[in-house]
Amino acid sequence: MDARDPFAFSSALAPDPTFSNFNTDAVGKPIKNSLSRQQYGGAIGFPVTKNKTFLFASFEGLRQNSQNSVPLLTDSSIFAGPSIAGNTLPALAPSDPRLAQQQVIQQLYNLGNSVPPSQWVPCITNPDGSAGTPIPPASCAQLLQNYLTVNPNSGFLSQRNQLVEGFIVNQLENNGGVFPYDTRQYLASVRLDHRISENDQVFLRYNYGHGLEESPDVQSLTGFSRGSAVQGYNHTLLASWFHLFSPSTSNEVRAQGSYNHVNVIPNEAAEVGLDVFGVANLGTNIFLPNYEMLRRYEFADNLTMTKGHHTFRLGGEELLRGNHTQTDVFMPGRFEVGPITGGVLSPCFDPSWASISPYNNPLGTNPCGLTNVPGANLSSLQAFSLQFPTIFEDGFGTPTYSKTRPFTAAYWQDTWALKSNFTLTYGIRYELDTQYLPLRTPWHNFAPRVSFAWDPFNDHKTVIRGGYGVFYGQIYDSIPGVDLALGVLNSNHTTVENNTKYASGYPGSQVLNLVDICGLQKGGGVVASGDGSSPCNRQVGIYIDPIDLGTLLPGSATSNAQVIFQNLFAQGNPGFSGGVNNGGVIGCTTPPPGSYGCITAADLTAASNGLFLPTNSGQVPILSVVFSNQVNYQSPYSQQAEFGIERQLGPGFSLSASYIYSHTVHLPVAIDTNLKDSGFVSATLANGKTVSYRDWNPSPSIDPLYQAIPACANGGCFYSPYIAQNNRYTSAGSALYQGGILEVKKQFNKTTAIMANYTYSHAIDTTTDFNSDYGPQDNLNMSAERAASNFDERHKVVIAGVLDSPWRGALSGFEVAPIFNYNSGHPFNLLSGEPTNGDNHPTNGRPIGAPRNSGLGPNYANLDARISWHHKVGERSTLLITAEGFNISNRTNYGSVNNQVGPLFAIPTGICLPPACVVPEGGGSGYTTFNVHGIAPGTKLNGGTVSSSTPLAFTSDFPKREIQLGLRFSF
């Protein structure tokens, strides 16, 4: 049983396709999620032939039915917009853009409608980006208020807006609440040991495993439609032969084969993904479904010889790694919706000044004649309701990968007892991690290692240990797999981009090779012909359509992410003819026959007004997302060292101190090589500091601070503006871990012992994951990514004990085993929800000036305990009854933070006129530090209550108190 999850709430609005009960002041009700867990199993062992053959078998099962909470719509005030009256908005966090919107709308309303036509305002921006038809200011205020309020019942807006807003509300209503998180796990093992002779023994072991997890990822801001079920099967057969040549020489031969089948199946297959940053993640994960079959065959031999003071070990292994994978990467499609500049909707949201350095506004004064306003952005939810997705991504082709990669290793080691109190161990290991093109095989993976153990006083009470070694990691199968499946390849499967036409290290060489060799096409028409020297095969073609397409491709703004969304939403949606609003292709969950996603290639061509004609060979369609490999990709390796001292202070009482060092290089990271050095712009933060950053935004109208570098207009800061991303998988990442550990152990008697340790550590790295969604914010400056790792845990304390009952009779047989864990918080990354610097990468954009992983997550404290009672039943049987408690103190340990805070998180909010102070454009949130912490839900903030959609709010927690009872019978 467990206590109530603080994130478990019913939806603030009950699902209702008519929206008859829609409002913006409803809150959800607390509900209690459930937990039911059963573990069972057994083991048996017996001799088949006495002293010769022995059989052992075991089985273990787990059946758990539980629920995860998704706090998407706990408060319907997230749908409220800015108010003319100024008092209908809920209390807002400083980073909420509705605060700045309200200032603009109130000033427009105060201007009234009686002003002469010469003072009317161009209220709504036209689809082509030009200013709209002027209307009276107060009418504009009313219009903007309606546009920025999500209300599916509003007849004021167009039918399309009503249908889209109804779709949004319906999605949040149905994807929030509590959902089943059921687990099934079955493990079985059979082992047969046989003694052939005094010198020869063999054993054969078979392991079976089956696991099923339903919706383990449905929690925090991940709705049910984004969730998936994980189903896996494992079969392993291992045979080993041990032969004793002499008392000093022995050998082991081992052979094993394993078959793993893992399927990750989305809850809503093929539905287009909708990432509404900071609000909800809906629709199919862009990397699912995934069907993977892994076959592993290993042959190993290990020889051990003892001669004098030396013990030699040498051996090797051959591992065949077979992988057959179908990953429908990018096949479902994905719309990414983040906060955007308010000028996309209305020029009235542009800032009201033109010459405050360094925030010179290239747009001039406010087009609506407003004064003393900082401008305003749109929230990601508002951008969604107005059909302003930041980027649309989609992929087409055959998403399968099948390869067998050998892995060969050999080692030699000597353990040398130099003295009775000093032992030295040293050796070397060689690994050959064979790869297929387009990746190359690294041939120089030699790993030396050395360690020692020393009893300095030769009294068996003190030991000093130390060691150093080089350890290689195998190259992830995804690295060559991504190159082959998502790259542009020659007929021999090498990467076109790494052709020798341009030097591989030359900036922009990959993109120049791609364009010069393959050429470019738009809607089937030729943009660049290419030299025809390669078939330019693409197993999967990926395309991106940004909202600012017109600024990248002049004269080609017949399509962008907004146009594609509108066309797909309308396609097949009976709501446009008075029927049920099903979201059209956007809401589709069943793909057409023969298609991996609901959006077919023909759908994309039609929705983009002919811009995209997906192909898998020949000229590359414009706005493609391309993946390639580094020419000399290296295996990751770490240098690891440890030094420790342990001292016995008394009977059963010891103290130890140790230091651990690990430095890893050549970690995988995706770097976009299509970006030129654009140059820098500057911004003054709320704390008074000035920061500079590269800015690839082609136009000030889409730049968060209305700045832009003129050279970047029309895509001038990209080696090819026609290529959306050119992600090169490199081995440029690195990591460093250092930790100190103090540990105390005390054995009081045979039945009572206690152990406590404290770890102080620091982990630093330059990359979170090789997935391109986690690439560097500035692809030309990897050093700026160096920061505390996601798993950095500065302080950790563990205290554990075992206490047996010292009494006899009725109180005998009891045992209590408590364990306490504490660790400090892990860092988290602040994200803007948009490509802050205009580099076409919205998933890794950070607020202006923010370093990576500057936030600090919640600490964790937990007390578990187990009470057991042993009772003998007869001479040969024992009954064991247990009661286990997890998180006995029922502490709320928060698990994740809403890290979507917008691009202007640290930009000042104040309004003033020079020379009294300097005010930025954009209307920032005014935070004076990036070293922020999470906020508990329910906290009162500016007179309101924090919900999970509030920036920096916690969005999930770990399980509360749970109690489990057990029974075991041995005979």
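Predicted model: local features only at pLDDT ≥ 70, side-chain atom pairs only at ≥ 80, totals over all residues.
## A mixed sheet

Gln 521 stands opposite Pro 621 of strand E24.

Residues are numbered from 1 along each chain as its sequence is written, and side-chain values use heavy atoms, with hydrogens and water left out.

The sheet is open and has three strands, ordered E22-E21-E24, with mixed pairing. Its edges are E22 (525–528) and E24 (620–621), each pairing on one side only.

## Helix H6 and its cover

Helix H6 spans residues 509–518 and is mostly covered, with eight of its ten residues buried. Buried means under 20% relative accessible area, exposed means over 50%, and partly exposed lies in between (1.4 Å probe, protein chains only). The buried set is Ser 509, Gln 510, Val 511, Asn 513, Leu 514, Val 515, Ile 517 and Cys 518.

The cover over these residues includes E21, E22 and E24, along with strand E25 (624–629) and strand E30 (723–747). Just after H6, Gly 519 takes a positive phi of about 80°.

## Nonpolar cores

A nonpolar core is a set of buried Ala, Val, Leu, Ile, Met, Phe, Trp, Tyr and Cys residues joined through side-chain atoms within 4.5 Å. The largest has 85 residues; Phe 79, Leu 108, Leu 144, Leu 172, Phe 335, Leu 345 and Ile 586 have the most contacts inside it. Helix H3 (residues 159–175) gives the most to this core: six residues. Apart from it lies another core of 31 residues, including Val 681, Leu 830, Val 901 and Ile 907.

Leu 345 has contacts beyond its neighbours within four places in sequence. Among its partners are Cys 123, Ile 124, Thr 125, Leu 144 and Phe 388. Contact means heavy atoms within 4.5 Å.

## Salt bridges

A salt bridge puts a side-chain nitrogen of Lys or Arg within 4 Å of a carboxyl oxygen of Asp or Glu. The count is 25.

Arg 191 bridges to Asp 193, with the closest N and O atoms 2.8 Å apart. Arg 191 counts as partly exposed because its relative accessibility is 28%. Asp 193, at 26%, is also partly exposed. Glu 431 and Arg 429 meet at 2.7 Å, N to O, and both are buried.

Asp 765 and Arg 852 form another bridge, their closest N and O atoms 2.7 Å apart. Asp 765 lies in strand E31 (residues 752–765) and Arg 852 in the loop between strands E35 (827–828) and E36 (855–856), so the pair ties together parts 87 residues apart in sequence. Asp 765 and Arg 852 are both buried. Salt bridges with shared partners join Arg 226, Asp 275, Arg 334, Glu 336, Glu 393 and Asp 773 into one network.

## The whole chain

The secondary structure comes to nine helices and 43 strands. Of the 971 residues, 51% are buried. The C-alpha atoms fill a box of roughly 105 × 75 × 60 Å along the principal axes.

Key. Pairing = 2+ DSSP bridges. Helix = DSSP H or I, 4+ residues; strand = E, 2+ residues; numbered from the N terminus.
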